[in-house]
Amino acid sequence: MVDNRRTAEAEVRVEVDGAELAADLHGDPADPAVLLIHGAGHCRLNWPDGFVRRLVAGGRCVVRYDARDAGASTTFPVGAPPYALPDLAEDAAAVIDALGLGRAHVLGMSQGAAVGQLLALGHPDRVATLTLASGTPGIPGQEQPDLPPVSDRLAAFFAQVEQEAQVEQDARGAEAEQDAAAAREAAVESIVEGERPFAAVSRPFDEDGVRRLAARTVEHARDLAAQSTNPYLLDAGPPWRARLGAITAPTLVLHGEEDPLFPPEHGRALAAEIPGARFLALPGTGHEVFPEHTWDTVVPALLAHTVNRDGPSLPA
């Protein structure tokens with residue numbers, strides 16, 4: 001359990017079924033708790049420190065954690081993750097319980113938005129409010145033939161990645177012979193180029209900022225190969241788009257107007273599926289974790305959405 005007298009940043013480790021998850025807490029635990037669930041291939045550091053500080057300044061206790069195979073949490077053999085997407089929702093519930101958060105205000109991004117949907121459906125008693133960013137209704141890529149596909153630019157990038165997969169696999173075998181600094185730089189460069197096609201095209205790509213974050217990510221990762229591979233191999237479990245109408249948590253849907261992975265129609269459809277959900281478009285934003293130019297819009301919206309300590313009471 002968290003020491004409720006703690007008011008500054010603290011790092012903790014949470015035991016879940018078959019794994020240990022690394023987390024950090026920011027702010028006063030007596031304030032409304034906001035649980036951040038990152039996307040596939042990311043870790044808790046992808047939630048910008050400045051963004052977290054803005055939420056804390058607004059009177060929120062912010063919890064970031066590394067999912068399985070991410071950051072400093074337990075990792076598994078590359079290509080063979082022994083868990084499925086629904087297990088990540090169970091992990092989120094376990095984090096809420098282990099940290100004594102009661103009912104948390106849950107914010108999930110991309111794959112984290114899918115986890116948030118499953119968490120709200122399976123554990124409504126743990127979710128005070130729900131915020132879904134850069135998401136799609138239900139299982140990504142499997143349930144929405146009525147919604148537009150990825151952009152041509154991103155489809156071309158995926159095709160290139162697939163073509164180069166064998167080359168990259170061969171290169172990994174030679175990494176042990178590389179100078180450690182050169183290997184780190186190559187990993188940083190790979191992350192930067194992997195983020196580039198997801199960014200908005202109407203704004204300059206923040207290469208310096210992404211590179212700084214990539215360097216921290218490489219140092220933070222227990223197994224970067226597992227982080228960049230295993231989250232994309234998960235069995236999503238039974239389809240759940242048709243169940244979204246059962247979500248009772250007040251929901252806010254945030255979506256970049258230039259999202260190349262899930263075009264904005266995905267976010268609008270997601271909001272339409274959840275009773276009472278509110279949709280907020282983010283101009284000049286792609287499939288990105290809240291670039292700084294969005295904070296003046298996103299932070300006030302989140303603070304208004306998460307104003308109560310435990311959220312509204314569940315219906316009887």
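## The largest cavity and its lining

In this predicted model, the largest cavity is lined by 19 residues. Those nearest its centre are His38, Ala67, Arg68, Leu88 and Gln111. Sorted by class, the lining consists of 10 nonpolar, 7 polar and 2 charged residues.

The volume of the largest cavity is about 150 Å³. The structure holds 1 cavity of 30 Å³ or more.

## Helices that supply the lining

The largest share comes from helix 3, with 3 residues.

## How helix 2 meets helix 3

Helix 2 and helix 3 also pack against each other, at an angle of about 70° and with their axes 8 Å apart. Because angles of 65 to 115 degrees count as roughly perpendicular, helix 2 is described as roughly perpendicular to helix 3.

On the side of helix 2, the contact is made by Leu85, Pro86, Leu88, Ala89, Ala92, Ala93 and Ile96. Helix 3 takes part through Gln111, Ala114, Val115, Leu118 and Leu119. Of the residues in this contact, 11 are nonpolar, 1 is polar and none is charged. Leu88 and Gln111, both of which belong to this contact, are also among the residues that lie nearest the centre of the largest cavity.

## Ala104 in strand 5

Ala104 lies in strand 5, which spans residues 104-109. Is Ala104 buried or exposed? Its relative accessibility is 0%, so Ala104 counts as buried, the cut-off for that term being under 20%.

Beyond its neighbours within four places in sequence, Ala104 is in contact with Ala33, Leu35, Ile96, Arg126, Val127, Ala128 and Thr129. One of these residues, Ile96, also takes part in the contact of helix 2 with helix 3. Ala104 and Cys61 are separated by 43 residues in sequence, while their C-alpha atoms are 9.8 Å apart in space.

## The chain as a whole

The chain has 9 helices and 8 strands. It comprises 316 residues, of which 52% count as buried. Among contacts between residues at least 6 apart in sequence, 76% join residues at least 24 apart.

Conventions: Residues numbered from 1 in each chain as written. Predicted model: local features only at pLDDT ≥ 70, side-chain atom pairs only at ≥ 80, totals over all residues. Heavy atoms only, no water. 1 Å grid on protein atoms, 1.4 Å probe; cavity = no way out; pocket = protein on both sides within 12 Å on 5 of 7 lines; lining within 4 Å. Points joined across faces, edges and corners; volume = space filled by probe spheres on them. Helix = DSSP H or I, 4+ residues; strand = E, 2+ residues; numbered from the N terminus. Nonpolar A, V, L, I, M, F, W, Y, C, P; charged D, E, K, R; others polar. Axes fitted to C-alpha atoms, helices over the stretch in contact; angles between N-to-C directions. Parallel < 35°, antiparallel > 145°, perpendicular 65-115°, else oblique. Contact = heavy atoms within 4.5 Å. Buried < 20%, exposed > 50% of the residue type's maximum accessible area, 1.4 Å probe, protein only.
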